[in-house]
Amino acid sequence: MRTVKHVTCPVCGCLCDDLELTIKDEKVVKVKNGCALCKAKFLGYSKHRVLKPLVRKNGRFFEVSYEEAVSRAAEILTEANYPLLYGWSMTSCEAVSAGIELAEEIGGVIDTTSTLCHGPSTLGIQDVGISSATLGQVRHRADLIVYWGSNPLIAHPRHMERYTIFRKGRFQKEKRKLIVVDVRKTETAETADIFLQIKPNMDYEVLQALRALIRDQELDVDEVAGIPTERLEEIADTMVECRFGALFFGSGLTMTRGKNRNIDAVLSLVSDLNKLTKFIAMPMRGHFNVTGADMILTWQTGYPYAVDFSLGYPRYNPGETSAVDILLREESDAALVVASDPVASLPRKAAEHLAENPLIVVDPHMSATARMADVVLPSTFVGIESGGTAYRMDHVPLPLKKIVEPPEGILSDEEILRIILSEVKRKKAEQMENP
Ligand code: SF4
């Protein structure tokens with residue numbers, strides 16, 4: 001029996017780094033400080049494992065060696081004209097870095113799950129800029145918290161406990177005020193001081209109305225999105241009167257009508273508020289390293305997601321080079337999926353095209369996507385069986401620890417990608433020699 005302290009949780013974008021795990025016989029048997037999502041992962045991750053590489057032959061999976069599976073994967077990627085490399089939000093920055101090298105080598109497109117959640121946030125930040133802070137600054141200074149289109153009590157269960165409403169800060173000892181804006185009364189809304197239940201798909205209108213009120217302009221309507229104007233005036237006053245406000249927004253804002261225009265509006269609202277007080281905005285990132293995937297892509301290619309190497313240099317045009325659009329136009333002719341389950345989350349037509357073409361999956365689980373694959377390469381669980389780096393939703397990098405030994409012979413995502421990369425290079429050199 002041994003205890004490992006200061007473990008980072010590899011589940012959601014909060015990346016809580018205060019876990020204490022008890023290990024017995026190389027199994028996690030107790031989790032201290034974690035939420036229900038965290039405990040479920042650490043105590044149950046070893047179920048439904050794939051323990052041998054699989055290659056599909058005549059419609060059936062056969063267990064093979066890593067060498068054979070890697071050789072088949074490299075063959076698929078080398079022969080493809082426009083391969084898609086998708087996922088990356090549940091693995092380490094080191095694996096993402098190897099994936100980008102591979103995408104460049106094969107002239108493919110590399111895209112992350114951002115494309116389905118906070119892609120519009122990135123576009124909004126590129127349009128308007130963002131006034132932000134670390135979660136530590138929010139914890140110690142914020143006296144007003146706004147959650148817009150997000151339900152942290154369910155999706156990020158310790159966000160309120162560690163950084164906002166349920167935590168005293170060094171400079172903020174009194175109870176903080178909480179505003180929740182959503183289209184339905186969520187669990188988080190139940191705890192709010194002020195809850196604004198707005199009509200679906202009308203976030204943009206409410207944000208622009210608040211911007212007008214903050215700039216002392218009059219609204220010549222009685223209500224906006226079902227909210228009486230006087231109520232909006234109260235909210236605008238509360239925002240202006242705070243000392244330090246923090247607005248967190250989720251996919252309830254990014255994926256409703258308006259998408260990146262909603263984000264333009266929310267970031268402009270925060271910019272307006274900064275003329276009168278101190279206010280910051282932050283996207284509530286979901287998967288534990290989706291922020292890291294964006295960061296590493298930006299470092300290495302100049303662009304945060306949906307990066308296309310087909311012309312030999314990186315290009316970025318979400319809507320054209322993003323995974324869903326490529327799949328819906330049926331342009332890709334092979335795919336490599338790493339640490340993600342797109343068949344369970346993409347639109348049906350996009351998932352169908354993904355499965356119709358040669359598909360390679362690197363994942364510890366037999367996911368829905370792995371079941372459709374031609375090659376399955378089992379990997380370790382990052383943050384449990386292998387270490388690395390991940391970025392918290394506020395762009396703070398944190399170390400992921402290796403807590404237990406992986407099953408014998410199982411490699412990490414990074415190791416698998418590096419082997420595929422060298423096999424691709426070898427095959428390409430061979431083709432050059434014998435055209
Ligand atoms: S809030 Fe997120 S990061 Fe923190 S313990 Fe729960 S699942 Fe893990």
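How far apart are the end C-alpha atoms of helix 9 (residues 203-214)? I get 16 Å, which agrees with the 16 Å that its 12 residues should span at 1.5 Å a residue. The expected span here is 1.5 Å times one less than the number of residues. Helices (H or I, at least four residues) and strands (E, at least two) are DSSP runs, numbered from the N terminus.

Ground rules before I go on. This is a predicted model, where local features need pLDDT of at least 70 and side-chain atom pairs count only at pLDDT 80 or more, while totals for chains, interfaces and linings use all residues. I number residues from 1 along each chain as its sequence is written, and side-chain values use heavy atoms, with hydrogens and water left out.

**Helix 9 and what follows**

I looked up burial next (buried is under 20% relative accessible area, exposed over 50%, partly exposed in between, with a 1.4 Å probe and protein chains only). Nine of the 12 residues of helix 9 are buried, so the rest of the structure largely encloses this helix. The buried set is Asp203, Val206, Leu207, Ala209, Leu210, Arg211, Ala212, Leu213 and Ile214. I note that Asp203 and Arg211 are in there, and both count as charged (Asp, Glu, Lys and Arg do).

Asp216 sits in the loop between helix 9 and strand 11 (223-224). Asp216 is exposed, at 73% relative accessibility. Its phi is positive, about 65 degrees, although Asp216 is not a glycine. Most residues other than glycine have a negative phi.

**Leu15**

Another positive phi turned up at Leu15, near 45 degrees, again in a residue other than glycine. Leu15 is in the loop between strand 1 (2-7) and strand 2 (19-24). Is Leu15 buried or exposed? Buried, with a relative accessible area of 1%.

**Helix 3**

I ran the span check on helix 3 (residues 93-106) too: 14 residues at 1.5 Å each should span 20 Å, and the end C-alpha atoms are 20 Å apart, which agrees. Of those 14 residues, 10 are buried, so helix 3 is also largely enclosed by the rest of the structure. Among the buried ones are Cys93, Ser97, Gly99, Leu102 and Ile106. Just after helix 3, Gly107 takes a positive phi of about 65 degrees.

**Pocket**

Rolling a probe the size of a water molecule over the atoms shows where empty space is left. My terms: on a 1 Å grid over the protein atoms alone, a cavity is a set of points where a 1.4 Å probe fits but cannot get out, and a pocket is an open set with protein on both sides within 12 Å along at least five of seven lines; lining residues have an atom within 4 Å of a point. Points join across faces, edges and corners, and a volume is the space filled by probe spheres set on them.

The largest pocket holds about 1000 Å³ of space. It has 46 lining residues, and Val11, Ser89, Met90, Gly286 and His287 are the closest to its centre. Helix 1 (36-44), helix 11 (251-254) and helix 15 (342-345) each supply at least two lining residues, and helix 1 gives the largest share, three.

**Cavity and cysteines**

How many cavities of 30 Å³ or more does the structure hold? One. The largest cavity has a volume of about 80 Å³. Its lining has 13 residues, with Cys9, Cys12, Cys16, Cys35 and Arg158 closest to the centre. The lining classes are 11 nonpolar, one polar and one charged.

I then looked for disulfides (cysteine sulfur atoms within 2.5 Å) and found zero. Cys35 is buried, at 16%. The sulfur of Cys117 is 13 Å from the closest cysteine sulfur, in Cys12, too far for a bond.

**Two last residues**

Thr301 belongs to helix 13 (residues 290-301) and is buried, at 11%. A polar atom of its side chain lies 2.7 Å from the backbone oxygen of Leu297, and one lies 3.1 Å from the backbone nitrogen of Tyr303.

Val31, in strand 3 (residues 27-32), is buried at 9%. Its C-alpha is 7.5 Å from that of Phe42, 11 residues apart along the chain.

Key:
A polar contact is a pair of N or O atoms within 3.5 Å; within protein, one must be able to donate a hydrogen and the other to accept it, and residues adjacent in sequence count only if both atoms are side-chain atoms.
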